[in-house]
Amino acid sequence: MNQQDKDTALDTFPKLLQSHVLERPTRDAIREKDLGIWQSWTWVEAAAEIRALACGLAQLGLQRGDKLAIIGDNRPRLYWGMTAAQSLGAIPVPLYQDSVADEMAYVLDNADVKIALVENQEQVDKILEIMERCPQIEHIIYDEPRGLRDYEHDFLHSYEQVQQLGIGYDHDHPDFYDREIAAGNGSDISIMLYTSGTTGNPKGVMLSNDNVIITARNGIERENLTADEEVLAYLPMAWVGDNLFSYAQSFVAGFCVSCPEDASTVHHDLREIGPTYYFAPPAVYENMLTHVMIRMEDAAQIKQKLFHYFMEHARKVGGRILNREPVSLMDSMLYKLGNILVYAPLKDVLGLSRTRLAYTAGEAIGPELFDFYRSLGINIKQLYGQTECMVFVCVQPDGEVYADTVGTPAIDVEIKIDDNGEIMYRSPGVFQSYYKNPESTASTKTEDGWVHTGDAGFFDEHNGHLKIIDRAKDVGKLNDGTLFAPKYIENKLKFFSFVKEAVLFGNGRDHSTAFINIDLNAVGNWAERRGLAYSGYIDLAGLDEVYQLINECVNKVNRDLSADSRLANSQIHRFLILHKELDADDGELTRTAKVRRNFVEERYTTLVDALYSDRSECHVETQVTFEDGRTGSLAADVRICDAQVFAQAAASQEAAA
Amino acid sequence: MNRQNAAETILSVENISLSFGIMKVLDDISFDIKRGEIRSIIGPNGAGKSSMLNVINGFYHPQEGSITFKGETRKQMAPHVAASHGIARTFQNIALFKGMSTLDNIMTGRNLKMKTNLFWQALHLGPARLEELENREAAEQIIDFLDIQAIRKKPVGKLPYGLQKRVELGRALAAEPDLLLLDEPMAGMNSEEKEDMSRFIIDVNSQFGTTIALIEHDMGVVMDLSDRVLVLDYGKQLADGLPDEVRRNQDVIDAYLGVPHEHA
Amino acid sequence: MIYRETGQFKAHYQDDQALFPIDQDRYVIFGVLFVTFALVPYLLNEYWLNAILLPFLIYSLAALGLNILTGYCGQLSLGTGGFMAVGAFSVYKLMVAFPELGFIPLVLLSGLITAAVGTLFGLPSLRIKGFYLAVATLAAQFFLIWLFNKVGWFFNYSASGMINAPPMTIFGVIVTGPEANGVAKYYLVAGIVAVFALAAKNIARGRIGRNWMAIRDMDIAAELIGVRPLVAKLSAFAVSSFYVGMAGALYFAVWLGSAEPTEAFDINQSFLVLFMIIIGGLGSVLGSFLGAAFLVIMPILLKNIMVDGFGTDSALAAHIEIIVVGVLIIGFLIVEPHGLARLWRIAKEKMRLWPFPY
Amino acid sequence: MNMLDFLFFIEVTLSGLMAGVMYSLVALGFVLIFKASGIFNFAQGVMALFAALTLVGLMEKFGFPIWLAIIGTIAVMIALAWLIERVMLRQLVNQEPIILFMATIGLAYVLEGMGDILWGSDVKVLDLGIPQGAWEWLYDKGVYIEKLEMFAAGTAAIMVAFLAVFFQKTRIGRALRAVADDHQAALSVGISLHTIWVIVWSVAGIVALVAGIMWGSKSGVQFSLSLIALKALPVLILGGFTSVPGAIIGGMIIGVGEKLAEVYVGPFVGGAIENWFAYMLALAFLLFRPQGLFGEKIIERV
């Protein structure tokens with residue numbers, strides 16, 4: 001990427017594809033584990049597949065600006081479907097493959113999808129079910145024929161049939177394909193990704209080729225990615241991250257992407273491929289860590305001792321070594337020994353031993369979780385991003401990685417915090433508009449290109465990194481006028497394994513207080529180890545020892561908060577442990593297990609009032625819904641506990657947890 | 001399904017009687033199976049269902065009667081000969097090769113498709129290697145079909161019951177049989193596993209056109225899957241016909257109500 | 001711990017089905033071959049080669065043979081000694097009659113002769129199983145030894161009934177008879193064993209090996225999917241006897257130099273080889289080697305410790321030795337009925353999964 | 001065939017029968033253990049040797065009178081059974097038959113080595129005052145039969161009768177029969193499996209002692225005694241692994257068969273065919289009747 005004109009020429013994916021065909025024709029472009037082995041396609045082979053498919057799609061009537069829906073697991077053919085559509089100037093619209101038919105119906109209809117390229121019978125069935133509601137759909141193309149033999153619809157085609165159609169057309173019109181590609185340019189819409197908004201219907205984010213390609217290139221430049229990276233494409237194709245990491249960056253940098261065999265074999269496939277560049281939401285990292293800990297519990301005593309000893313050492317110095325900070329010779333030697341005995345083998349069984357760069361994004365990651373991977377020597381970094389700008393807003397720079405920040409602005413990204421504390425950014429990746437939704441576009445994107453993130457945050461005083469604290473609309477103010485970010489503090493609480501759920505109050509009040517739900521398993525185990533008897537959740541939640549345990553957690557959070565001048569006033573003054581687990585059946589949680597704060601506040605007014613009184617106990621009776629649908633009532637005396645509040649600490653305190 | 005009207009008869013069983021000593025296990029049984037259909041054999045425990053399958057694939061030798069398979073009539077046939085003529089089966093009590101992996105079990109199911117001699121095999125070169133690779137791919141198709149990729153290289157002895165049943169089906173499918181005998185493929189499964197297995201049976205039937213003879217206790221499953229149903233009771237033929245006919249047949253109702261039976 | 005499998009992915013079936021699909025295993029096996037052929041002959045003296053490595057390798061070959069029959073195909077045999085005798089007497093007669101054919105072809109030929117004899121004695125396996133079959137193989141054992149004792153033609157009517165290996169050469173190097181030197185014999189035997197161990201491994205992982213294991217694990221099911229019991233069992237007898245016959249030939253011609261049937265090939269030989277595969281591991285090529293190593297080296301070690309170390313009377317030492325062998329066998333069966341090979345495999349899996357438990 | 005030849009034939013047959021009785025005694029021990037535990041006890045022959053060695057040892061080294069030596073040996077055999085159960089069988093519960101079989105081979109090695117170390121490996125004369133020499137009454141008729149052999153036959157008969165009564169009439173005996181059919185059933189009789197094993201191995205040990213005495217009296221106590229164990233295998237094949245009468249009759253058939261073969265066929269092929277004839281006979285028999293003389297035809301189910 002040295003000549004300016006060459007750069008500008010490669011402004012669409014089909015053009016990038018052609019450049020790889022010339023530059024690295026025989027290198028693998030994409031790989032899929034199928035029939036037990038990693039079937040690979042070189043750039044030349046992939047280009048031929050795409051060409052045939054594109055011509056076939058054109059034959060089926062897909063034209064510039066038309067939408068091609070793509071539904072299924074990560075499969076090479078589906079990725080090729082994207083490029084094929086882009087070759088024709090049509091717009092690929094990937095959908096979440098596990099959506100139910102109804103959810104799909106909205107997107108298919110809203111996006112005016114003309115042709116759907118799907119993986120298998122399951123997806124075909126879903127579309128057939130909702131076909132009537134999406135009259136624009138003209139054709140369905142499926143990859144796997146299994147079970148579809150007896151389906152007799154004129155509009156249903158196998159992938160091979162479409163390619164055959166395309167090959168025939170291409171043969172008769174050899175210039176067609178190249179002409180179509182040449183007609184595309186950077187300002188064309190490259191892809192449309194639907195964001196699953198928390199409220200209302202999903203919105204189609206329209207991103208241009210420039211948006212996607214420039215952002216991808218900036219990401220590659222910042223992390224020095226090369227054509228030699230190995231990447232596993234295992235996250236939903238409809239997610240912007242997958243589109244960036246497994247598609248756009250592969251096309252820009254020229255590295256090979258591997259698709260796992262099956263959802264059940266992802267972990268195994270991950271180990272076989274050994275990605276050098278890896279990305280996952282915190283949940284995946286968390287599952288991995290849980291898996292490690294559970295497996296280690298079955299290990300022999302001596303091995304457990306060894307493991308914990310070295311993990312403890314890694315916690316002490318691993319992160320510093322990874323950040324290239326100086327450590328003592330002794331520590332360094334011990335870490336090397338640990339690497340032989342524990343870290344390297346562990347990374348190997350996890351499949352991360354070749355991983356040069358791992359991203360986590362999507363939501364806040366627990367500091368313990370984060371430190372675990374970093375202490376092993378895996379360069380895991382947080383990034384802050386949105387669909388609206390093709391992911392990158394902020395990335396943690398190498399050597400400056402802290403658990404509670406999301407780093408510094410990515411290349412070409414400008415960030416400002418508006419008066420309400422909301423983060424706003426402007427970058428080359430900023431989307432064009434929401435599809436058929438000018439109101440939302442207008443309310444999200446300003447005239448001069450600034451985008452409202454909806455998140456509240458601030459730049460850390462010590463290191464200049466961006467800190468995300470909450471959704472902007474959830475951020476309130478205490479009576480003294482200081483910032484109150486309940487979710488930020490709740491997350492801090494929830495990072496303790498004993499705390500399952502926390503609900504913070506404080507908006508429009510003098511100080512903040514909290515409801516806590518303990519984690520029955522974690523606290524139960526803890527209690528059993530101490531020989532504490534309890535008969536159930538209520539019983540456990542009321543134990544003195546448990547209150548003490550939770551009190552310590554709250555105190556730690558308070559101490560953390562006190563380190564930050566903006567949050568110091570939000571320290572939790574009083575808390576209680578709820579007598580029941582918050583439950584979606586009772587309307588306290590959403591079906592996706594998010595707390596409905598207002599509902600909870602109304603439902604337990606007596607408890608909230610008690611928190612803001614000086615009582616140390618409160619009687620409460622609650623209607624509950626049992627699993628079989630019956631309702632009943634639950635009565636308990638809930639104790640209220642005072643937490644320790646710290647004076648705002650000196651600025652010298654380390655921000656890192 | 002329901003193409004039996006047009007189709008040829010693939011197997012016909014005529015007047016089969018089988019006894020062990022004084023015990024008469026099968027008494028004058030006659031029925032046929034059409035190419036491409038799913039044919040069920042039902043009946044209370046001890047009705048002689050498994051014995052009937054054992055007769056069909058040559059494991060038991062009936063004293064009387066004859067069997068015509070693909071136009072060839074015979075009274076006796078060694079099991080491996082039956083296999084080479086295109087009859088495969090699964091077993092009531094799982095009969096997998098416990099010391100081998102899923103893949104090897106399925107590969108063993110393909111042994112009739114493999115021909116190279118000991119010499120080439122010892123060298124593992126040339127034709128032997130080629131044959132091994134080709135059949136590996138065929139075995140992988142079945143693994144893919146049955147969705148058992150994750151257990152490909154696991155020893156089958158340690159797999160959960162439902163998966164073992166699936167591997168056994170895979171082993172039988174590997175032989176690319178014309179007639180597949182399934183001896184209680186869903187015994188001991190939970191409803192989810194049963195649903196999966198039913199789907200596989202239907203898919204096998206429609207995808208590969210395999211004719212299937214099936215013994216099953218779960219009446220719901222039988223009635224859903226089968227094109228035709230044969231009912232046996234104490235070695236005698238009680239009824240034979242479409243699922244609905246059989247369901248209404250008074251003899252069948254009596255037999256099922258009269259005999260204490262956990263599934264009836 | 002030592003394994004690093006991340007990133008070792010297979011893009012072709014031939015890689016996935018390779019003998020040693022994991023890189024680290026491949027390095028180890030190349031290492032072993034290097035040590036075997038490039039280092040051992042020059043680092044160890046004649047005593048080591050003659051008294052330890054030769055019998056170890058020859059017994060490994062015999063154990064490999066028995067393992068094919070018993071471990072892979074599940075047919076218990078107590079006739080190994082008798083089949084080794086067939087190999088020995090075949091090679092003797094051939095060496096005397098056709099010395100111009102060269103030694104290695106003669107060894108192979110005697111293997112083939114033994115295979116024929118073994119197949120003959122394997123015929124009853126079609127009707128009988130388990131211990132009943134073991135008795136049938138005992139019949140082979142006693143009959144064959146009697147035959148070689150009584151029929152003068154086999155030992156060329158020598159007065160003592162002994163057979164002596166005439167000297168033969170390969171590329172001008174003497175490999176049999178008293179003048180042969182240890183290094184030459186070692187190379188010959190190690191070469192043959194390496195080649196046929198590879199062949200055994202190849203057979204075991206192909207169609208024939210799978211059919212054997214199918215017969216072993218569930219003979220009825222095997223037959224119902226088209227494995228012909230006749231072919232599978234007899235081929236196991238044939239291949240097994242081929243290996244055992246070659247081992248017998250080498251045992252006599254290369255190691256002992258002279259032999260007398262009732263001593264060299266008696267029932268205890270059968271048991272010894274059986275113990276080797278039990279201790280080593282049924283159904284494992286590696287196990288055959290481990291078992292042979294164990295039972296060849298352990299008695300020598302015991303004897304050295306007792307007689308040379310403690311000055312124990314050698315007759316008493318011999319008695320103690322058989323007790324120790326007996327105890328070890330029982331102990332092994334109790335602790336790990338699947339033998340050293342299983343222990344090895346577990347250790348390997350542990351290394352692969354480290355730090356996770358197996 | 002003239003009279004002399006006929007008398008010789010009778011003599012050979014009778015002598016074969018007598019030898020057969022000995023085989024039967026060893027086979028009996030096998031059957032007992034196999035019936036009760038499904039274990040193919042390869043060490044039965046060595047147990048006979050070990051018992052005989054112990055008997056001789058007690059008499060020679062400690063100067064025990066015969067009766068005391070016999071009681072002492074019985075005690076040793078019972079202790080041995082207990083030890084075997086404790087150290088070996090208990091650890092191998094639920095293992096495959098072949099594994100148990102292997103373990104008994106290991107046991108055979110141990111017993112052999114122990115017998116040799118404790119009592120010495122030289123050939124010993126065992127003289128219990130059992131009458132020796134030809135039986136005059138028959139000798140007068142021109143047939144030579146050893147008194148010892150007649151005595152042995154008598155003892156064997158008594159032994160079998162005793163065992164029959166034991167199995168049919170006693171509670172333990174019935175439990176032992178039950179355990180052969182069904183392990184659960186045995187437990188319901190109220191005797192633990194471990195106890196049953198100890199008992200059955202003890203009984204087998206006593207049977208081994210009887211066999212050891214007989215063989216020892218005839219040809220001295222020596223290592224070759226343990227080889228008769230191998231000879232008992234074809235007997236088992238003929239008789240079936242689980243049949244007591246089968247063991248007796250099988251023994252007779254083998255005994256007579258191999259004597260006749262040795263005398264009438266042996267000279268033509270170089271002699272000493274005794275070594276393998278029994279196996280060949282059993283093998284030929286197996287091919288036609290795989291389940292043995294008294295076994296039932298097995299219907300295989302799938």
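Two residues are taken to be in contact if their C-beta atoms, placed from the backbone, lie within 7 Å. The model is predicted, with local features requiring pLDDT of at least 70 and side-chain atom pairs counted only at pLDDT 80 or more, whereas totals for chains, interfaces and linings use all residues. Residues are numbered from 1 along each chain as its sequence is written, and chains are lettered from A and ligands numbered from 1 in the order in which they are written.

Leaving aside neighbours within four places in sequence, B:Gln121 is in contact with B:Thr116 and B:Ala128 and, in chain C, with C:Asn202, C:Ile203, C:Gly206, C:Arg207 and C:Ile208. B:Gln121 lies in helix α4 (residues 118-123) of chain B; helices are DSSP runs of H or I with at least four residues, numbered from the N terminus. B:Gln121 has 24 other C-beta atoms within 10 Å and is therefore buried (buried, 20 or more other C-beta atoms within 10 Å of its own; exposed, 12 or fewer; partly exposed, in between; C-beta atoms placed from the backbone).

Of the five pairs of chains in contact, chains C and D share the most contacts. In this pair, 38 residues of chain D touch 31 residues of chain C. On the chain D side, α4 (97-119), α10 (228-239) and α12 (274-288) each give two or more residues, and α4(D) gives the most, with 14 residues. By class, this side has 29 nonpolar, six polar and three charged residues (nonpolar: Ala, Val, Leu, Ile, Met, Phe, Trp, Tyr, Cys and Pro; charged: Asp, Glu, Lys and Arg; polar: the others, Gly among them). No contact joins chains A and D, whose closest C-alpha atoms are 23 Å apart.

Within chain D, helices α1 (residues 3-37) and α9 (residues 193-219) pack at about 175°, their axes 9 Å apart (axes are lines fitted to C-alpha atoms, for helices over the stretch in contact, with angles from 0 to 180 degrees between N-to-C directions). α1(D) is therefore roughly antiparallel to α9(D), a term for angles over 145 degrees. The contact of α1(D) with α9(D) has 19 nonpolar, two polar and no charged residues.

In α3(D), the buried residues are D:Ala69, D:Ile70, D:Thr73, D:Met77, D:Leu80, D:Ala81, D:Ile84 and D:Glu85. They cover an arc of only 150° around the axis, which puts them on the same side of α3(D); the arc is that of the directions from the helix axis to the C-beta atoms. These buried residues pack against α2 (44-62), α4 and α9 of chain D. The face turned away from the buried side of α3(D) carries the exposed residues D:Trp67, D:Ala75, D:Ala79 and D:Leu83.

Conventions: Parallel < 35°, antiparallel > 145°, perpendicular 65-115°, else oblique.
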